[in-house]
Amino acid sequence: MRKTFVFIISFLFILINGTTIKGQDSVQFGDSVIIPLKIRIGIEVAGPVIYFTDKSILNLEGYLSADLNEKISLFLGTGYSDYKYSQHNYDFLSKGIYIKVGADFNLLKPETAMGKYWAGVGVHYGLSSYVAETPLFKHENYWGITSSSLAKDTNWGHYIEICSGFRAELFRNFSVGWLISVRKLIYCGTSKDLRPIYFPGYGAGGKSFSTGLAYYIVWNIPYKKIKVALKKETPEEPEEPENTESTTNTTNSGR
Amino acid sequence: MMRKYFLKIFSALLGSTIIIMVACTPGACFDETNAFVKTSLYLYSTGKLLAPDSLTLYGINMDSSKIYNSSKNITLALLPLDASADSCGFVIMINGVIDTITFSYSTHPILLSKECGYTFYHTIDTPFYSRNIIDTITVSKNTITTLNEENIRIYY
């Protein structure tokens, strides 16, 4: 069910973004373009949607980012997560908060991005404070069943996140976007023998790497406009070298 | 041009999403979940690994539940420890001659994986044993885990 939701949302975003209209904020001149720098407030929407279908995990996340220039923006994210897992031989609970700080890099050219589109990568450092507990686990062998538990413990985990994705302005100052994240665990806050099944912000604490997918609705607040010079494109090599005169005459006329 | 560009990006992202979804499919537990004392059986006179003609093994006071019952071709016996106690003993009958072995140990829990859950690892002290057919027991590795490594040797 959870996967189906993720899939449907993916397609919805593709359809919506495919029909996105071109923006009016930015103005392009011959050799430069005016780009609005923005502060963004985003909320992650997949977490609450998933919670309606799967009560075992609640993930609430939001972020604040500010453009430094047309390429780089600073990122500050925070979230809360409440996770429950149960199977025949153990129960596990973890809940806590996390923050992420870092930078996002827009790989689109300024004249393509126009201050409205973002497709690029982000590098974030994540710090999570969480309480984990195993209220019951059972182990069965020749001597019978042994039941035990692990008491509540507050832990601090941290990790590095690299994400890649896309964001587009649907309406004036409102964007939607999605991000695929790969996270590298630095420290999960516990001994190696008792790594948490899950810890907020990171995911599966038992693994060195985790992945994630997030969908955002973003409110953009323009705070400044900058003029960005456009890089002149080098003319393409002629296909037929012997026809020199005609190719020289058509340089820069393609666009 | 813009739309064409985004379609390319979306195709790549959608492909990645599908890969992630497949990769995240939860699985069953296929790992070993019991930590046994892995015991090699050596013939004392030659010092070589040799299966006894007959091996019977069970826990003390567990006569009705044999771990091995007149088994043949056993060169590596697996002895489970009682996680709810700090010591446990076994009756071992090699070629019809009975001995007992008692282990003292400490126990700690370990998470194997999300799929398999928790198990217990142990750290054993030097075992106590009778010497009817057993000559010597040596400890090769005193941490008892799910890894496939020898823990003790019985010379008989």
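Phe209(A) counts as exposed because 12 C-beta neighbours lie inside 10 Å, where a residue is termed exposed if 12 or fewer other C-beta atoms lie within 10 Å of its own, buried if 20 or more do, and partly exposed in between, the C-beta atoms being placed from the backbone. The structure is a predicted model, in which local features need pLDDT of at least 70 and side-chain atom pairs count only at pLDDT 80 or more, whereas totals for chains, interfaces and linings use all residues. Residues are numbered from 1 along each chain as its sequence is written, while chains are lettered from A and ligands numbered from 1 in the order in which they are written.

Phe209(A) belongs to strand E9 (residues 209-229) of chain A, helices (H or I, at least four residues) and strands (E, at least two) being DSSP runs numbered from the N terminus. When neighbours within four places in sequence are left aside, Phe209(A) is in contact with Val182(A), Arg183(A) and Lys184(A), a contact being defined by C-beta atoms, placed from the backbone, that lie within 7 Å. From Asn173(A), by comparison, Phe209(A) is 36 residues away along the chain, and the C-alpha atoms of the two are separated by 35 Å.

Chain A as a whole contains 4 helices and 9 strands, arranged along the sequence in the pattern α-β-β-α-β-β-β-α-β-β-β-β-α. Of its 255 residues, 35% count as buried, and residues 24 or more positions apart account for 63% of the contacts in chain A that have a separation of 6 or more.

Within this chain, strand E6 (residues 117-141) and strand E7 (residues 144-171) pair in the antiparallel sense over 22 bridges, pairing being assigned if DSSP finds at least two bridges between two strands. E6(A) and E7(A) form a hairpin with 2 residues between them, and Trp118(A) stands opposite Arg167(A) in E7(A). E7(A) is also joined by 13 bridges to strand E8 (residues 174-187) of chain A, the two running antiparallel, with Ser164(A) opposite Ile180(A) in E8(A). The hairpin of E7(A) and E8(A) likewise has 2 residues between the strands, and in it Asn173(A) takes a positive phi near 70°.

Most residues other than glycine have a negative phi. Met114(A), although not a glycine, has a positive phi of about 55° and lies in the loop between helix H3 (110-113) and E6 of chain A; this residue counts as buried because 23 other C-beta atoms lie within 10 Å. In chain B, Asn61(B) has a positive phi near 70° and lies in the loop between strand E3 (55-59) and strand E4 (66-71), but Asn61(B) is exposed, with 9 other C-beta atoms within 10 Å.

Note on methods:
Contact = placed C-beta atoms within 7 Å.
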